[in-house]
Amino acid sequence: MNTTQTCPEYAVRLQTASDLFNKVEGEIRNGTLVKKNLVWLELTGCSGNIISLLDGSNPDFKYLISQMTDFVYDNSLMAAEGESAMEKLMDTTDKEYILAVEGAVATRNNGLYNVIGRWKGEPVTALKAIKMLGEKASHVIALGACATHGGVSAAKPNPADCVSVQSVLKRKVIKLPGCPCHPDWFLGTLAHILLYGEPELDSRDRPLLFYSTLIHDRCPRRSFFDKGIFAKKLGESTCMFKLGCRGPVTRIDCPIRKWNQYVNWPIEDDTPCIGCAQFGFPDQMEPFITYNTTRGVKE
């Protein structure tokens, strides 16, 4: 946990997720909160969100799967394989469960561009799985850019006709955009669901716990922007707006949350924000870095 942050508002925001985890842990230990089944589907994508979750530390992944929830299914991490794994997935449909989804939904050729397994000799496409499990889940959480709005998987030319999870479900989907999703964004949202139900969402179904403020408003280089002092090349310590930084249009708490267990984030490492937590990423955020100093600036 970052202990160097001194702003009270930042400290409170950063602590929000861990406060929820601690309350969940206490209530489960006391028997006042019952664990729920969690199904994690990996659809069309790079599996970057489950890898990001493995880097979580507050709590860590072991706590999530052993004490916080009954982790029923994940394409990559479960010990069972083949139809034995699919049997566990199918058995869940008769129970109460929360569904977490990463990756976009391939729709071309009725979903045959992504088959997650076989059941009773028949292929189970990602499209079929998300429709079957998504409609029955108590809550559906879409993690990462691909699941929330198509992301890289739906970028041009999109040969598999990938779409977001919301596009194939007629129900509320809680959206956690980002490439990948920060462990706290998912674990904090999950903890809130376990304790209180659905967290307060914005107009695009993102939890206000994490998505209420623009990166630009918390950026440590904001004073340079306000003074009109802009970097002309990568590596300079001033505002990177004219190098293509998308912080002014990207709503998420990276400046206080940071990555790799609260160590660092792109702008602190001299890289402009590429807007990975913004709807429309990556096509609408490109070019990620530009030396066109008039980009987006009215003279």
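1. In helix H3, which spans residues 61-68, the buried residues are Phe-61, Tyr-63, Leu-64 and Met-68. Their directions cover an arc of only 165° around the axis, which means that they lie on the same side of H3. In general, an α-helix has 3.6 residues a turn, so residues three or four places apart point the same way. The model under review is a predicted one.

2. What do the buried residues of H3 pack against? Their partners are helix H1 (8-30), strand S1 (36-42), H2, strand S2 (69-74) and helix H7 (183-196).

3. Turning to the open spaces, the largest pocket has a volume of about 290 Å³. Its lining is made up of 17 residues, of which Cys-179, Cys-254, Trp-259, Pro-266 and Cys-276 are the closest to the centre. By class, the lining of the largest pocket holds 13 nonpolar and four polar residues, with no charged residue.

4. For the second largest pocket, the volume is about 180 Å³. This pocket is lined by 17 residues, and those closest to its centre are Gly-45, Cys-46, Asn-49, Cys-146 and Cys-179. Two or more lining residues come from each of helix H2 (48-54) and helix H6 (144-149). H6 provides the largest share, three residues.

5. Which classes of residue line the second largest pocket? The lining has seven nonpolar, eight polar and two charged residues.

6. How many cavities of 30 Å³ or more does a search of the whole structure find? The search finds one. The volume of the largest cavity is about 80 Å³. Of the 13 residues that line this cavity, His-216, Cys-219, Cys-239, Cys-245 and Ile-267 are the closest to its centre.

7. Helix H9 (215-218) and helix H10 (222-227) each contribute at least two residues to the lining of the largest cavity. By class, that lining consists of nine nonpolar, two polar and two charged residues.

Key: Residues are numbered from 1 along each chain as its sequence is written. This is a predicted model: local features need pLDDT of at least 70, side-chain atom pairs count only at pLDDT 80 or more; totals for chains, interfaces and linings use all residues. Side-chain values use heavy atoms; hydrogens and water are left out. On a 1 Å grid over the protein atoms alone, a cavity is a set of points where a 1.4 Å probe fits but cannot get out, and a pocket is an open set with protein on both sides within 12 Å along at least five of seven lines; lining residues have an atom within 4 Å of a point. Grid points are joined across faces, edges and corners, and a volume is the space filled by probe spheres set on the points. Ala, Val, Leu, Ile, Met, Phe, Trp, Tyr, Cys and Pro count as nonpolar, Asp, Glu, Lys and Arg as charged, and the others, Gly among them, as polar. Helices (H or I, at least four residues) and strands (E, at least two) are DSSP runs, numbered from the N terminus. Buried means under 20% relative accessible area, exposed over 50%, partly exposed in between (1.4 Å probe, protein chains only). The arc is that of the directions from the helix axis to the C-beta atoms. Contact means heavy atoms within 4.5 Å.
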